[in-house]
Amino acid sequence: MKIIIKAHYRNNLGTRNSKRLRKQNKYPCILYSVKKKSIPIYLKINQILKLKFLEDIYKKNIIIYLNKIKYLVKILEIQRHVFKNEILHIDFFLLKIL
């Protein structure tokens with residue numbers, strides 16, 4: 001089963017802007033790479049729900065569409081709220097560009 005997610009670039013960085021995104025049901029993420037600079041992105045709530053209930057999510061390959069470019073990624077870390085079961089931030093690692 002392929003997991004395909006549509007992402008968008010995130011121009012405004014920082015805590016205040018991340019909180020604004022979450023209020024709009026958009027979640028801040030980052031796409032790390034070894035050879036390239038990291039890319040700040042955000043995902044909408046319906047894209048997050050695709051990931052939230054999967055088993056062994058850290059072992060699955062995910063395809064991210066970002067401005068007509070496909071990235072094959074894995075999840076490095078999912079940061080969650082301490083008390084609530086809410087996702088705050090996701091770190092992706094770029095495996096290759098498709």
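One cavity of 30 Å³ or more is present in the structure, which is a predicted model. In general, rolling a probe the size of a water molecule over the atoms shows where empty space is left. The largest cavity holds about 30 Å³ of space. Its lining is formed by Leu31, Ser33, Lys36, Lys37, Ile39, Tyr71, Leu94 and Ile97. Five of these lining residues are nonpolar, one is polar and two are charged.

The largest nonpolar core comprises 23 residues. Within this core, the most contacts are made by Leu51, Ile62, Ile64, Ile90 and Phe92. Two or more residues each come from β1, β3, β4, α2, β5, β6 and β7. In soluble globular proteins, nonpolar side chains tend to be buried together. Ile62 illustrates the contacts involved. Beyond its neighbours within four places in sequence, Ile62 touches Ile3, Ile5, Leu51, Tyr71, Leu72, Val73, Ile75 and Phe92. Two of these partners, Leu51 and Phe92, are themselves listed with Ile62 among the core residues with the most contacts.

Helix α2 spans residues 45–52. Its buried residues are Gln47, Ile48 and Leu51. These three lie on the same side of α2, because they cover an arc of only 100° around the axis. The covering elements include β1 (3–6), β3 (26–32) and β4 (39–44), together with β5 (62–66), β6 (69–80) and β7 (87–97).

Helix α1 covers residues 15–23 and contains Ser18. Is Ser18 buried or exposed? Ser18 has a relative accessibility of 10%, so it counts as buried, the cut-off for burial being under 20%.

Most residues other than glycine have a negative phi. Asn25 is not a glycine, yet its phi is positive, at about 60°. Asn25 sits in the loop between α1 and β3. With a relative accessible area of 41%, Asn25 is partly exposed. Lys68 also has a positive phi, near 65°, in a residue other than glycine. Lys68 counts as exposed because its relative accessibility is 85%, where the cut-off is over 50%.

Notes:
Residues numbered from 1 in each chain as written. Predicted model: local features only at pLDDT ≥ 70, side-chain atom pairs only at ≥ 80, totals over all residues. Heavy atoms only, no water. Helix = DSSP H or I, 4+ residues; strand = E, 2+ residues; numbered from the N terminus. Buried < 20%, exposed > 50% of the residue type's maximum accessible area, 1.4 Å probe, protein only. Arc of directions from axis to C-beta. Contact = heavy atoms within 4.5 Å. Core = buried A, V, L, I, M, F, W, Y, C linked by side-chain atoms within 4.5 Å. 1 Å grid on protein atoms, 1.4 Å probe; cavity = no way out; pocket = protein on both sides within 12 Å on 5 of 7 lines; lining within 4 Å. Points joined across faces, edges and corners; volume = space filled by probe spheres on them. Nonpolar A, V, L, I, M, F, W, Y, C, P; charged D, E, K, R; others polar.
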